[in-house]
Amino acid sequence: MSDTYLDRLWDAHVIDHLEDGSDLIHVDRHLLHDLHCAIAFSSVEESGREVKHPEMTWAVADHMIATEPGRTGTNVPGAQLLLDRMRKHTDDYGVKMFGIEDANHGIIHIVSAEQGIALPGLTVLACDSHACTVGALGTLTWGTGTSEAEHILATQTIRSTKPKLMRVEFEGSLREGVRAKDLILHLIGHIGGSGGHGYAIEYDGTALRSLSIEDRMTLCNMTMEAGAEIALIRPDEKVYDYLKGRNYAPAGEEWDLAVAHWRALAANCDETGDRVVTLDVSDLGPQITWGTMPSQVISIDGTIPDPEQEPDESARAQMQRAMEYMGVGPGDSIKGLDVQQVFIGSCTNARIDDLRRASRIVAGKRVADTVRAIVVPGSRNIKQLAEQEGLDRIFLDAGMEWHEAGCSMCAAINGDLVAPDTRCVSTSNRNFEGRQGLRARSHLVSPEIAAACAVSGKISNPWEV
Amino acid sequence: MKPFENFRGIAMPMMRPDIDTEQMINRDFLITASRKGLSKGLFHDLRYRNGEKQADFVMNLPQYRDAKVLIGGPNFASGSSREHAVWAVVDYGIGAVIAPSYGVHFYRNALKNGLLPVILPLADVAEIAAAVEASNGSCEVAVSLTEQTVKLDNGKEYAFEIHSEAKEALLAGLDDIERTLRRSTRISAFQAKDRLERPWVYLSKGQAPTEISPE
């Protein structure tokens, strides 16, 4: 019997084995956001069932809400009604809601970490595919649909099958400017956008262990774009330091008990997997996507690949379609492409350190006249901290917009849109056709590169010698 | 959930790989409090451009208007977990999708909504799509969940695998929640034991956190 960290977490949550080999899994923490709340709660209501454990469920308004300074709600027609229902349902059932007025409001996966809702060893289910973000804390976490959310509300359980395990080892020491975003984009390029299908991915290796908790969340966040819905990192002391004192984390004696439990849980695990991918990342440069899938990625100093070199016909057609959509050609250098929009934000890259790093690039400079650049912090707490450090002044003085927290231009559901046929350099997680706006051309990058592109008005490498 | 019934109908081929759920249903149709009526948003941005119907997009071809089966490429309906993609497909009148592989969320969401996601090898799916296209849509497809087969009007037959529990649930239209609630005693027993080992997991009802600012 294998005894990996995944095995330990999974087995500790099995309530019952179901007929077909799937398991009934206990849900320790459940999070919902505004796109699902109205339907999930009204379905429970109409069925006459109860919300089994309202104290273990949280609801966050993040996708639909406006983010411009001075916002009062949403700018999307019809969305206020859904937000009002969310408020009423959560009040009726006794579920804690993080609305825009809440001191701890933010993006769902940022709030769950920041508030200590997600903890090592716990199952955390959220009705959003980027639930994998908090796997960085040693949490067993994945995303659900609305019907599964309804199931959790009514039963505090989910029916699921244990995935296979892929171990990804990032080895080596990272070059200057190369961080979590580059590692995950590189991995997606390496195994492909469906390379992780059927797997949970556990990350380890010397380069991985050198990352901060915030960076590890960036890495785990885009595991979804590698086709795996579960990301895992065995917790270490950095995790416990990060979580201590957070609002929903245990305190006092219970904290000591919990940490002892977590240390034991993470110790002497089998470090094996059904597939092992080892990547030496010492020579890796900053990454950027050139196409319409996160797997279409190259080094910032690289050139757009040539579809003629692609033997598979269907893949070749995909590349050609992506090139046409993105307005790039084979052999073109990615650097130098004109940029009209820059977005720094999202559950991938809107934490305080992301903002600090972006601010260092723009400090004392001006954004190019041709660029609209917006910075959207991941939570109200992050925004406040950034303002205490004066980061807002740096962005504003450079001619960037400084917004309130929310998903904003990543999900692009709240009205924050990239204009049609324009190019956006974005710290978010998806560059699909139309994701950030109709015919929007998105390039996924780290916060530093996004900031550098805003200043130069072109795709550029801030570390170029 | 309505029990799944075997059926025969027009199949619509859409073999491009990696079609994601955002292409299936865009942002404008997510603001809804209902699972119904979303077919108008299905593949909206591929059906229309600048308000104009795209005549060459498969859904706009008259022969596929009443399609009951959707034939998809590898990694079909990947990306965002939005269940709206499944609701839109179901609302359009599609009863089964045939593809080599699916986005994980779409697959699970489909089963929760009575939509059958058939998995067949890429070569078979391509063959079915080619037969349908060659016949200009007139080669219909019969989907039998009971027999686990897809049969074409041209006589070709393909067998597919599906989890026995998923099959049973679809055929009976079983409600997952009802089935799980029958195990309430097991769930309570699990929680009672777990609470002793991991007391920090179990918060008290109405427990208000102290307002500490992080960092």
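Trainee: How many helices and strands are there in chain B?
Mentor: Chain B has eight helices and ten strands. Keep in mind that this is a predicted model.

Trainee: OK. What size of box do the C-alpha atoms of chain B fill?
Mentor: Roughly 65 × 45 × 30 Å, taken along the principal axes.

Trainee: And what share of its residues count as buried?
Mentor: Of the 215 residues in chain B, 38% count as buried. As for contacts in chain B with a separation of 6 or more, 69% of them are between residues 24 or more positions apart.

Trainee: Let's do the interface. How many residues of chain B are in contact with chain A?
Mentor: 53 residues of chain B, and they touch 66 residues of chain A.

Trainee: Which helices of chain B supply residues there?
Mentor: H1 (21-24), H4 (104-112), H6 (164-172), H7 (176-181) and H8 (184-197) of chain B each supply at least two residues to the side that touches chain A. The largest share is from H4(B), with five residues.

Trainee: Switching to chain A. How do helices H2 and H5 cross?
Mentor: The axes of H2(A), residues 37-47, and H5(A), residues 146-155, come within 9 Å and cross at roughly 50 degrees. That angle is why H2(A) counts as oblique to H5(A). The crossing of H2(A) and H5(A) is right-handed.

Trainee: Which residues make that contact?
Mentor: From H2(A) you have Ile39(A), Ala40(A), Ser43(A) and Val44(A), and from H5(A) you have Thr146(A), Ala149(A), Glu150(A), Leu153(A) and Ala154(A). By class, the contact of H2(A) with H5(A) has six nonpolar, two polar and one charged.

Trainee: What about H2(A) and H3(A), how do they cross?
Mentor: The axes of H2(A) and H3(A), residues 79-93, come within 9 Å too, crossing at roughly 45 degrees. So H2(A) is oblique to H3(A). This crossing of H2(A) and H3(A) is left-handed.

Trainee: And which residues meet in that one?
Mentor: Cys37(A), Ala38(A) and Phe41(A) of H2(A) meet Leu82(A), Arg85(A), Met86(A) and His89(A) of H3(A). The contact of H2(A) with H3(A) splits into five nonpolar, one polar and one charged.

Trainee: Now H6(A), residues 180-191. How far does it reach?
Mentor: H6(A) has twelve residues and reaches 17 Å from its first C-alpha to its last, close to the 16 Å expected at 1.5 Å a residue.

Trainee: Is H6(A) mostly covered or mostly open?
Mentor: Mostly covered, as eleven of its twelve residues are buried. Among the buried residues of H6(A) are Lys181(A), Asp182(A) and His186(A), as well as Leu183(A) and Ile184(A).

Trainee: What covers the buried residues of H6(A)?
Mentor: The cover includes strands E9 (164-171), E12 (275-280), E13 (287-289), E14 (297-299) and E19 (441-444) of chain A, along with helix H8 (213-221) of chain A. Just after H6(A), Gly192(A) takes a positive phi of about 90 degrees.

Trainee: Why does Asn268(A) count as exposed?
Mentor: Because Asn268(A) has 7 C-beta neighbours inside 10 Å, and 12 or fewer counts as exposed.

Trainee: And what's up with phi of Arg439(A)?
Mentor: Phi of Arg439(A) is near 55 degrees, a positive value in a residue other than glycine. Arg439(A) is in the loop between E18 (423-426) and E19 of chain A. Arg439(A) counts as partly exposed because it has 15 C-beta neighbours inside 10 Å.

Conventions: Residues numbered from 1 in each chain as written. Chains lettered and ligands numbered in written order. Predicted model: local features only at pLDDT ≥ 70, side-chain atom pairs only at ≥ 80, totals over all residues. Axes fitted to C-alpha atoms, helices over the stretch in contact; angles between N-to-C directions. Helix = DSSP H or I, 4+ residues; strand = E, 2+ residues; numbered from the N terminus. Parallel < 35°, antiparallel > 145°, perpendicular 65-115°, else oblique. Left-handed = near helix turned anticlockwise from the far one by under 90°. Contact = placed C-beta atoms within 7 Å. Nonpolar A, V, L, I, M, F, W, Y, C, P; charged D, E, K, R; others polar. Expected span 1.5 Å × (residues − 1). Buried ≥ 20, exposed ≤ 12 C-beta atoms within 10 Å, placed from the backbone.
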